Structure formats: C-alpha cells, structure tokens
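Student: Could you walk me through this one, a piece at a time? I'd like to learn how to read it.

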Amino acid sequence: MKWFNQVKFILGLGMVILAAVFLTACHKDSLPSGKVTIEYFNQKKEMSKTLKEIAKDFEKENPKIHVKVVDVPNPGDVLKSRMLSGDVPDVINIYPQNVDFQEWAKAGYFEDMTHKSYVNNIKNNYAQKYAIKKKVYNVPLSANVYGIYYNKTAFAKLGLKVPETWNEFESLVDTIIKNKQTPFAIAGSEGWTLNGYNQLAFVTSAGSRKVVNDYLRFSKPDSIKASDPLMKKDIERLDLLRKKGALQTNWQGASYNDALVSFAKGDALMTPNGSWALTVIKQQDPNFEIGTFAFPGEKKGDSLTIGAGDLALSISSKSKHKSAANKFVAYMTTAKAMQKYYDIDGSPIAVKGVKEKSDSELANLNKLAFTNRHLVWLAQDWTSENDFFTLTSNYLTTGNKQGYADDLNAFFNPMKATE
C-alpha cells in the first residue's frame, strides 16, 4: 500500500501544480501585459454601485488601467489602520476637513496636487479651502450640506411657510404643535446626526464661524459658562427641540434610520439632517413631497448650511502607479463622470459643468453650496469631535445648562492644553 500512497501523493501534487498554472494563466488573461490595477478606497458605500459604473466608464477610455473599487465595513477605522501600517491605497475617498486627513497630509502620505490641471475643474476654489500650508492634497468633487427636511405636502395643507428667521422658526414649531402634529423626528441615540444642528445653532447665534471657534476652541480653559450670551443663544436653539410635543415618541432611543423612517411615514413634519439622508428617506417611498430649508439666522438672508467635501479624493504619495491614479482622479473631475454621480446622489457638485436640478429636494441647500453661507464643519479646527455629538444629545435629554457648559469645557480643555 506504500507504493499506492506515493502515487496518490504524486498525483495530488500534480493536480496542485496544474491548478496553479491554470490560475496563473487566468490571472494573466485578466491582466494583460502592460495593464495596471489601482485601488480606489471608497467610503461612500451607498454610492458604490454608481462609482463602480463610473470606474468602468473610465476603463473603457483607459484600457490599460483597471480600477478596483474597495468597499469595507467601518471604512474610517480600516483606513486608519492601513495608513498607520503603511498600506496606503492608490486613490482614497477621504474627508478633507477631518483631523486625520490634515495630519496625514502634513506627514507626507498624500501626493501634492497643487499644480495638477484637474484642480482647475473645481469651482469657487473649493479645493483650496482644504489646503495644508497652501498645498492641495485633496480634490473635493461633491459636498454635503445640512439643514431641515420638511414635508412639503403637509406644510401646504396646513398653510405653513418655510421660516426665514429664527423667530419664524420658533413660531412654526408652536403652530405645528397647536395643530396636534409632531414638529421633529430626531435620532436621540446617535448624536452625530445632531452635530450640524448644534454647530449651526452656535454660528447663527454668533454671526460667524470664527467667533464660535474663538469662543469654544481657542479661549482659555474652563472659560465656557452657561451664563455667557453666546451660550444662552445656543441653548435657546437647542431648547426648540426640547419643547413639549416637539419630538416623536421614544426619540431618546431612536437610531438614525428610525428617525428617517418616522419622518418618511409622516409621523413628524421635519427632521434635521444632512444631504446624505435623502437617499434613505426616498427608499421609504414617502407619500408626500420632500423639501429642505437652511438653518434660519437672526435676520432674513442669514440662513446657513454646513458641510464639507464628501466625495473627495487623495492620491498616495507612495503609489506605484501615480500616473494611472492621476488619470483616474482627472477623469473624476469631469462633468461626464460627476453628472452620473449627481443624478443618483443629489448632493451639490463642485465640478464645473454638472447640471443640477432646480426642483431637487435639496435645492434650497444646494444653492448655498460653495458660497460664504456654506460653512465647513467647525471640527476642522478641533482635534476630535465624537464627544461633542454625545454632549449635544445629553443636553437634549437632561436640559441641564450648567452640565452642558461643564461638558463643553471638558471636551475643549484638552485641545487648549496642547496650544
């Protein structure tokens, strides 16, 4: 039987070798000589199908380049691990307002795009808004915007008007409650969804982004007090959500999806959220027309939105295929590529030549995009932001003004200590 076992071993080894040869041949067939593969690391998972279609369009025009679109769970965490280990993707969808991006750019992880011709395809010098020491390391192709979604059908039926000032917003909420309707659906268990509301509350109260960060981020430690005029105005705006009857039932435990489903079902007439939420809302097939409006300021014309580069691309400085990576990024800055993206996503596009719908659900927010009324997230000047999400939702639960001020000091003090 020993000879039989030896024969089995030889035959088995032969099969393995044949399989390896076959797989190698297949690999060569899929990647012809001279063809390169670049990895595109995607963080816009909801747009993955469209991005893969755009990558295929690019490959048709550039047959020597294959774009591998990579989607993973928890992409932010995965990207951080890969960056720190030196395994940097060729082209990366990364958010340029984030501290991680800024630190990695300073450390030399990204290709300098400052003098690339495709940067000129971005309107209103939007790429320069995220420059690090006057150098461009990221091309923002689209941006997110934040505001208030509302049920246009119900508003028309009840004779309600979109508010243009803070006083009008307060009156609107009171009127909705008097009509025995619920004004807002919010995700109490996911504070990040209220980040835009609170940041806009601060800025519309202060009059400028700089004034807010000078007060919160660049002031002396323990200097934030509940009795400060700016804090009083911010709390007044948060308290709009705390009014009796202003929020949906069980809002404290509601998730992001729960809040959007409540709005889509008509259980609440408004929901504060970003442009990214539109796809989820429409997936619920609401039986009403959706609209949005910007966060109202003190006076007419002072309404604001907030956001940052969303589909925004950087290139690894260590990529072995920089030429191919640059070709792909250049293609992504064309109106042809980004029109296909916009037609599905609907967020404002920074690329010149893309035709946006004037009757889009996001039209009232999109028209402010890339102007001085479209603020970059305040956290661009912070070293972290997650605890800000938590302290915002905590205040809505407790209404403890002193505790809120204490939480803000606890959050910002460590940043101030590093100055």
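**Rings and sheets**

Tutor: Let's start with some rings: Tyr150, Phe155, Trp166, Phe169, Phe184, Tyr197, Phe293 and Phe295 form one aromatic cluster. Rings of Phe, Tyr and Trp (its six-membered ring) pair if their centres lie within 6.5 Å; planes under 30 degrees apart count as stacked, over 60 as edge-to-face and the rest as tilted. Keep in mind that this is a predicted model, where local features need pLDDT of at least 70 and side-chain atom pairs pLDDT 80 or more, while totals for chains, interfaces and linings use all residues. Residues are numbered from 1 along each chain as its sequence is written, and side-chain values use heavy atoms, leaving out hydrogens and water.

Student: Which charged residue sits over the ring of Trp166?

Tutor: A charge sits over a ring if NZ of Lys or CZ of Arg is within 6 Å of the ring centre and within 35 degrees of the ring normal. Here the charged end lies 4.6 Å from the centre of the Trp166 ring, and it belongs to Arg237.

Student: How many aromatic pairs does a search of the whole structure find?

Tutor: A pair of aromatic rings is described by the distance of the centres and the angle of the planes. Searching the whole structure gives a count of 25.

Student: What kind of pair do Tyr126 and Tyr130 make?

Tutor: Their ring centres are 5.4 Å apart. The planes stand at 90 degrees, so the pair is edge-to-face.

Student: Is Tyr126 buried or exposed?

Tutor: Buried means under 20% relative accessible area, exposed over 50%, and partly exposed in between (1.4 Å probe, protein chains only). Tyr126 has 2% relative accessibility, so it counts as buried.

Student: Where do Trp382 and Phe412 lie?

Tutor: The rings of Trp382 and Phe412 have centres 5.1 Å apart and planes at 85 degrees, so this pair is edge-to-face. The pair ties together parts that are 30 residues apart in sequence, because Trp382 lies in the loop between strand E10 (374-376) and helix H15 (386-398) and Phe412 in helix H16 (residues 401-417). Helices (H or I, at least four residues) and strands (E, at least two) are DSSP runs, numbered from the N terminus.

Student: What is the strand order in the open sheet of five strands?

Tutor: Two strands pair if DSSP finds at least two bridges between them. The pairing in this sheet is mixed, and the order is E2-E1-E3-E9-E4.

Student: Why is one side of E2 and of E4 left without a neighbour in the sheet?

Tutor: Strand E2 (65-70) and strand E4 (139-140) each have a single partner strand. One side of each is left without a neighbour because both stand at the edges.

Student: Which residue of E2 is the bridge partner of Ile38?

Tutor: Strand E1 (residues 36-41) and E2 pair in the parallel sense over six bridges. In E2, the partner of Ile38 is Val67.

Student: Which elements do the buried residues of H2 pack against?

Tutor: Among the buried residues of H2 are Leu51, Ile54 and Phe58. The buried residues of H2 pack against E1, E2, helix H12 (322-332) and helix H13 (335-345).

Technical notes:
Contact = heavy atoms within 4.5 Å.
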